[in-house]
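The following report describes selected features of a single structure.

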Amino acid sequence: MRVLSKSVNSLIVCDIVGGISIVGFLAFYYRLNIFVSILAVALFVLCNHFILSAKGYYQIRPYKFRGIGSYLLLEGVVLAALPVLFVLFFLIHPPVLLLKLIASEIVLFYVFVIALRSSFNLFRAYIKPDKRVLILGTGITAQMVAKEIIERPLLKFKLIGFLENDSEKRDFEFRGIKVLGTSSDAIKIVKQNKIDIVITSQVGMFDYQTQYDISECVPLKISFWKMYEFYEEITGKIPVEAISPAWFMFNFGTAHRPFYKFFKRAIDIIAGILILLINSPVLLLVAAWIKIYDRGPVIFKQVRVGFNGRPFEIYKMRTMCINDYKPKDSQNFENTNQNTDSRVIPGCRWVRKMRFDELPQVINIIKGDMSLVGPRPEWSDYVKIYNDEVRYYARRHWVPVGLAGWQQIHNGHVVGVESTTERVSYDLYYIKHRNIFWEMAILLKTIGLAITKRAK
């Protein structure tokens, strides 16, 4: 897979080498046998890599280790150590030796990750040079890409200018960035401005001469990116406004993968049963309190739209007083904000924050109405509005809806047409890239966000 920055790959390699070195040293220090040493190294490296990926430690972003940042990292390293502790419990005796090994690994790897990410921050801020970017075209997609480049300085891209063959658009300017010439000037402009990346629309959208002019730059050892791919790479979403219906023909990921569907369903059933069992004490306590407070029903049912547009009844823990408000028109619909609704039952606001009110949906998952991970199921009345006003909204129902999802961990609960367009952008990204391991990471991050009560 192409990546915009080699820094991500460098972080992965450094973490793997660091993990192997730390655990290898500890195995030697505590005199573990070869088999146990190799197993310990493999488990530590795999678990830590998975947790760090799920928590976003392989993204190009500023890493902050003060307050909540340091806690979240420690939480991840400890969480990664738990499966290792369970496996090695049967192989390392006495248990005191195992606890020393685990504690030492947690401390050393925690310090290592902080040191590495802090160095990464300094490197990108003061040492790594900007990659100079040239965009071919000035249309809506080109402007979307330009906006993301300008607003994400940490990515270390610098937009130098545009190329435009349309004589009526030669005076085009976007936030001070101007058209530098036409495609026939490409090789000269690339050399003069030391361009590193040229971003173009789909090749077929240009005439032969334009394609020929741009291809002249190939020997200059620059990178070429399609606008859609570049935008997707730096944002984690698909530009809904810019893609055509043909996009779905080539990007409907895992459409015909029976093993994916089989394992996804198996994980849904097994994990769903475990989630219900683990959380049953909390659910029973909340249910008892709701019943005592107003003697109404504990479970709230609502018709949602699921896979292939099929309606189903979703189950939620009722945390609001009876006779909930239903918006009757799109204006009211736009202004609905359940998060600040004053009719939440006293003591149940934390239930909503921690998402405990959504746990009964696990029953929907076991039944097959939903999956653990997928686009969020929407109320059927809202779907009618969105189908008419949001482009490609109905196509998010081509995959099973889910309790957690790529969109949910990025912008959470959203209302209104504009916000839902953003939701569809994330949902389409999920549809294109979905796979079992990534979905496990999404689920893990969702749990972490709920525990730490933060939006992102």
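In this predicted model, Ile-102 touches Phe-44, Ala-81, Val-84 and Leu-85, residues up to four places away in sequence being left out of the count. Ile-102 is also among the residues with the most contacts inside the largest nonpolar core, which has 37 residues. Leu-52, Leu-73, Val-84, Leu-88, Ile-92 and Leu-101 are listed with Ile-102 in that group. At least two residues of this core come from each of the helices α1 (6-29), α2 (34-54), α3 (68-88) and α4 (95-127). Another core lies apart from it and has 35 residues, including Ile-365, Tyr-392, Val-424 and Tyr-429.

Turning to the cysteines, a search of the whole structure finds zero disulfides.

| Residue | Relative accessible area | Class |
|---|---|---|
| Cys-14 | 32% | partly exposed |
| Cys-217 | 1% | buried |

Cys-217 counts as buried because its relative accessibility of 1% falls under the 20% cut-off.

The remaining topic is a strand pair. Strands β7 (residues 299-305) and β8 run antiparallel and are joined by seven bridges. Within this pairing, Ile-299 stands opposite Met-317 of β8. The hairpin that β7 and β8 form has five residues between the strands, and Asn-308 takes a positive phi near 60° there. Strand β8 (residues 311-317) is mostly covered, with five of its seven residues buried.

Definitions and conventions
Residues numbered from 1 in each chain as written. Predicted model: local features only at pLDDT ≥ 70, side-chain atom pairs only at ≥ 80, totals over all residues. Heavy atoms only, no water. Core = buried A, V, L, I, M, F, W, Y, C linked by side-chain atoms within 4.5 Å. Buried < 20%, exposed > 50% of the residue type's maximum accessible area, 1.4 Å probe, protein only. Helix = DSSP H or I, 4+ residues; strand = E, 2+ residues; numbered from the N terminus. Contact = heavy atoms within 4.5 Å. Disulfide = S-S within 2.5 Å. Pairing = 2+ DSSP bridges.
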